[in-house]
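Dear colleague,

Please find the structure below, handed over for your files. My notes on it follow.

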Amino acid sequence: MTDNLSNVLARLGETRVLPVVELDTSEAALPLARALMAGGLPVAEITFRSEAAAASIGILRERFPEMLVGAGTVLDIEQVELAYGAGSQFAVTPGFNPAVVQACVETGLPILPGINNPTGVEQAMGFGLDAVKFFPAEASGGVRFLKALSGPYPSMRFVPTGGIAPDNLGSYLALPNVLACGGSWMVSPALVRASGFDEIARLAGEAVALAARNA
Ligand code: 3PG
């Protein structure tokens, strides 16, 4: 594991929550980041579900160097290069694509590949990784899945994402093999489009408070 990757994992282990963001335009990047930081959450995964992803990552890295900014929904090598070029500090993928993981490892871009079965865990281990995204968490067995995997893979840590919200966040964060939880509940595309930044700050603060109960 590279130093960069262990630094990213250590920071996620501190924030314990990873906001998964989709931005229509890069103009929303700064107010969104301010809202997250006002709520005490200096971290964001900006997904490549929109054309604005790379520009948004670049803006955030320049303006908020204290923030941890990653690229999400990275589906191919071109997006790995775009994310890295924009200054992304890590990449997240929904599934396990060995070519994308290999490209990240070669580029030196810390990677959290998505898995939802033991095969995926072992593929990640084959690349020397000891942390993965568990996606889609709720639809793939949720807390029970993570408990079951702690037996055969005691050193693997998970970032469950997909279907997590304030009502079930605590049950995930209480698991020893959960590093942090990802989710869009505090940064939904509808809230961002409506410039609901006060509400985003409130929801981020609520997530931080919930996470503190499972520190
Ligand atoms: C992701 O890509 O990680 C998910 O879409 C986030 O899942 P959620 O919207 O259910 O939080």
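Is Asp130 buried, partly exposed or exposed? Asp130 is partly exposed, with a relative accessible area of 23%; here buried means under 20% relative accessible area, exposed over 50%, and partly exposed in between, using a 1.4 Å probe and the protein chains only.

Some conventions apply throughout. This is a predicted model, in which local features need pLDDT of at least 70 and side-chain atom pairs count only at pLDDT 80 or more, while totals for chains, interfaces and linings use all residues. Residues are numbered from 1 along each chain as its sequence is written, and side-chain values use heavy atoms, with hydrogens and water left out.

Salt bridges

The count of salt bridges comes to three, a salt bridge being a side-chain nitrogen of Lys or Arg within 4 Å of a carboxyl oxygen of Asp or Glu. Asp130 takes part in one of them, with Arg157 as its partner and 3.8 Å between the closest N and O atoms. This pair links distant parts of the chain, 27 residues apart: Asp130 is in the loop between α6 (118–126) and β7 (131–134), and Arg157 is in strand β8 (residues 157–160). Helices (H or I, at least four residues) and strands (E, at least two) are DSSP runs, numbered from the N terminus. Arg157 is partly exposed as well, at a relative accessible area of 28%.

Asp24 and Arg193 form another salt bridge through their side chains, at 2.6 Å from N to O. They too link distant parts of the chain, being 169 residues apart, with Asp24 in the loop between β1 (17–21) and α2 (29–38) and Arg193 in helix α9 (residues 189–193). Asp24 is partly exposed, with a relative accessible area of 44%, whereas Arg193 is exposed, at 54%.

In the salt bridge between Glu199 and Arg202, the N to O distance is 3.0 Å. Both residues lie in helix α10, three residues apart, which is about one turn of the helix. Glu199 is partly exposed at 30% relative accessibility, and Arg202 is partly exposed at 45%.

In soluble globular proteins, nonpolar side chains tend to be buried together. The largest nonpolar core in this model has 82 residues, and those touching the most other members are Leu12, Leu32, Leu36, Ile46, Phe158 and Ile200. Helix α10 (residues 197–212) gives the most to this core, with eight residues. By nonpolar core I mean a set of buried Ala, Val, Leu, Ile, Met, Phe, Trp, Tyr and Cys residues joined through side-chain atoms within 4.5 Å.

Which residues does Leu32 contact, leaving aside its neighbours within four places in sequence? They are Val21, Leu23, Val187, Val192, Phe197 and Ile200, where contact means heavy atoms within 4.5 Å.

The ligand

An N or O atom in the side chain of Arg49 is 2.2 Å from a ligand oxygen. For Ser184, a polar side-chain atom lies 2.6 Å from a ligand oxygen, and for Gly163, a backbone N or O atom lies 2.8 Å from one. The protein covers 80% of the 310 Å² of accessible area that the ligand has on its own, as computed by the Shrake-Rupley method with a 1.4 Å probe; for residues, only the protein chains shown count as cover.

Loops and backbone

The peptide bond from Phe135 to Pro136 is cis, with omega near -10°, and Pro136 lies in the loop between β7 and α7 (142–149). Thr73, although not a glycine, has a positive phi near 50°. Thr73 belongs to the loop between β3 (68–72) and α4 (77–85) and is buried at 13% relative accessibility. Ser195, also not a glycine, has a positive phi of about 55°; Ser195 is in the loop between α9 and α10 and is partly exposed at 49%.

Lastly, Ser50 lies in the loop between β2 (43–47) and α3 (53–63) and is buried, with a relative accessible area of 14%. The side chain of Ser50 reaches the backbone oxygen of Leu23 at 2.4 Å.

With kind regards

Methods:
A polar contact is a pair of N or O atoms within 3.5 Å; within protein, one must be able to donate a hydrogen and the other to accept it, and residues adjacent in sequence count only if both atoms are side-chain atoms.
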